[in-house]
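Thanks, everyone. I have one model to show you, and I will keep it brief. Here it is.

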Amino acid sequence: MTPAITDRSILAASTLVATVATAGSLYFSDVMGLVPCELCWFQRIGMYPLVVVLAVATYEDRIAAWRAALPLSVGGAVVAAYHSALQLRSGGTCSLGGGCGSVQYELFGLLSIPNLSLLAFALISVGLAAGALRDR
């Protein structure tokens, strides 16, 4: 018999995803020297606080933290989806004046940085949505 998924395990998995995404963004900018565009900064604004909010929620085993974390992850996912769509259009730029349509890095030649961000936000959002359903 497999153990049931607990609230704490949902929060811990979401925390892990947010931590890896944050560490990855810092690696891209601080180690690889890639300059984040404006849309990347908005995604960071959504991701970085998730590490703290979700870590504290995991420690305290408070699934109700989805109320604070879900808007950040869904908002970040919307920005990441828009950014990914811009990259699909060759040579597109974002409305904020930067070169957000350019692809600086691709993991395995497949996933650009905004795609990775979208994946992380989606995983966190699914976890938090599951937590919200359990909380009701």
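Start with burial. The protein chain has 136 residues, and 38% of them count as buried. Buried means under 20% relative accessible area, exposed means over 50%, and partly exposed is in between, with a 1.4 Å probe and protein chains only.

Now the ground rules. This is a predicted model: local features need pLDDT of at least 70, side-chain atom pairs count only at pLDDT 80 or more, and totals for chains, interfaces and linings use all residues. Numbering runs from 1 along each chain as its sequence is written, and side-chain values use heavy atoms, with hydrogens and water left out.

How confident is the predictor? pLDDT is its confidence in each residue, from 0 to 100. The chain averages 85, with 83% of residues at 70 or more. Where pLDDT is low, the predicted coordinates should not be read in detail.

Next, the layout. We have four helices and two strands, in the order α-α-α-β-β-α. These are DSSP runs, numbered from the N terminus: helices are H or I, at least four residues, and strands are E, at least two.

Take helix α1, residues 7–31. Its 25 residues reach 35 Å from first C-alpha to last, close to the 36 Å expected at 1.5 Å a residue. That expected span is 1.5 Å times one less than the number of residues. Buried positions in α1 include I10, L11, A18 and F28. The buried residues of α1 pack against α2 and α4 (113–135). After α1 comes G33, with a positive phi near 75°.

Look at S29, which lies in α1. Buried or exposed? S29 is buried, because its relative accessibility is 15%. Beyond its neighbours within four places in sequence, S29 contacts L34, P36 and R44. Contact means heavy atoms within 4.5 Å.

Last, salt bridges: a side-chain nitrogen of Lys or Arg within 4 Å of a carboxyl oxygen of Asp or Glu. That rule gives two. One joins R134 and D7, at 2.7 Å from N to O. R134 is in α4 and D7 in α1, so this pair ties together parts 127 residues apart in sequence. R134 is partly exposed at 43%, and D7 is partly exposed at 23%. R62 and E60 also form a salt bridge, with the closest N and O atoms 2.9 Å apart. R62 is exposed at 52%, while E60 is partly exposed at 40%.

Notes. pLDDT = per-residue confidence, 0-100.
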